[in-house]
Amino acid sequence: MSRFATPTPEQTAAVDAAIKTRHSLRAFLPTPVPRQTVEDILEVARWAPSGTNTQPWQVHVLTGEALKRTASRIQAAYLDPEQNTAHREEYAYYPNEWRSPYIDRRRKVGWDLYGLLGIAKTDKARMQHQHGRNFVFFDAPVGLFFTIDRVMQQGSWLDYGMFLQNVMIAARARGLHTCPQAAFTQFHRLIAEELQLNDEQMLVCGMSLGFADPAAVENGLVTERAPVAEFARFLED
């Protein structure tokens with residue numbers, strides 16, 4: 001389609017469907033994803049906008065033994081109390097002071113997920129196990145790590161968000177699902193070693209990529225979204 005052409009109703013519907021059916025899934029099938037498919041997704045995603053075309057994204061794709069080795073090392077650190085406490089996030093993803101409506105939304109999605117899985121509020125062991133599934137990429141066959149050069153500032157992180165969205169929507173358009181994961185940032189030092197990052201590269205997040213497991217109850221979670229009237233103002237005069 002020409003960049004100046006008006007999309008057909010069918011093209012508009014396809015884009016809308018890819019956006020609306022993108023969900024953070026937490027259970028994947030072992031079905032392999034061809035490398036060419038991953039490259040096709042990144043080929044589309046690279047057209048994300050960025051300030052003065054800086055394109056700050058760097059992507060590390062893990063499959064096979066590399067994925068298993070890295071996931072096993074991170075999960076071992078997570079499950080070991082001494083190692084776990086020795087690892088801390090390099091940047092603050094969430095606010096230091098929670099307030100409504102953000103804390104309410106955070107709590108709801110957590111308890112909705114645990115409710116589907118039958119995890120009681122007092123069952124700390126099962127909560128820990130469920131959180132730990134982050135570190136095996138929820139059994140997805142492809143794991144992605146995203147890094148950025150430390151010299152880049154807040155604007156480039158905004159650009160990065162648009163790139164990550166492109167990755168997820170392009171994946172969805174190909175029948176795949178994803179789960180973007182900030183949980184990995186706690187173990188950025190281990191990940192830097194596994195990826196052989198230089199000191200100038202900083203971990204942004206990880207992402208699971210693969211085919212959804214339709215039988216997994218946790219994949220039935222659909223998070224709510226605030227209506228447009230709640231977050232948008234239209235100023236005309």
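**Close-up 1. Ala170 in helix H7.** Ala170 sits in helix H7; helices (H or I, at least four residues) and strands (E, at least two) are DSSP runs, numbered from the N terminus. The model is predicted: local features need pLDDT of at least 70, side-chain atom pairs count only at pLDDT 80 or more, and totals for chains, interfaces and linings use all residues. Residues are numbered from 1 along each chain as its sequence is written, and side-chain values use heavy atoms, with hydrogens and water left out. Ala170 is buried, at a relative accessible area of 5% (buried means under 20% relative accessible area, exposed over 50%, partly exposed in between; 1.4 Å probe, protein chains only). Neighbours within four places in sequence aside, Ala170 is in contact with Ile41 and Val44 (contact means heavy atoms within 4.5 Å). Tyr94 lies 76 residues from Ala170 in sequence and 27 Å away in space, C-alpha to C-alpha.

**Close-up 2. Helix H2 against helix H7.** H2 (residues 35–45) and H7 (residues 154–173) pack at about 135°, with axes 8 Å apart. Axes are lines fitted to C-alpha atoms, for helices over the stretch in contact; angles run from 0 to 180 degrees between N-to-C directions. The pair is therefore oblique (under 35 degrees counts as roughly parallel, over 145 as roughly antiparallel, 65 to 115 as roughly perpendicular, the rest as oblique). H2 contributes Ile41, Leu42, Val44 and Ala45 to the contact; H7 contributes Phe163, Asn166, Val167, Ala170 and Ala171. By class, these residues are 8 nonpolar, 1 polar and no charged. Ala, Val, Leu, Ile, Met, Phe, Trp, Tyr, Cys and Pro count as nonpolar, Asp, Glu, Lys and Arg as charged, and the others, Gly among them, as polar.

**Close-up 3. The largest nonpolar core.** Of its 24 residues, Phe146, Tyr160 and Phe163 touch the most other members. Such a core is a set of buried Ala, Val, Leu, Ile, Met, Phe, Trp, Tyr and Cys residues joined through side-chain atoms within 4.5 Å. H2, strand S2 (142–149), H7 and strand S4 (201–210) each give two or more residues. H7 gives the most, with 7 residues. Not counting residues up to four places away in sequence, Tyr160 touches Pro56, Trp57, Gln58, Phe146, Thr147, Ile148 and Val204. A second, separate core of 22 residues includes Leu62, Ala77, Phe135 and Phe138.

**Close-up 4. Helix H3 against helix H8.** The axes of H3 (residues 64–79) and H8 (residues 188–195) come within 10 Å and cross at roughly 160°. H3 and H8 are therefore roughly antiparallel. Arg69, Thr70, Arg73, Ile74 and Ala77 of H3 meet Leu190, Ile191, Glu193 and Glu194 of H8. This contact has 4 nonpolar, 1 polar and 4 charged residues.
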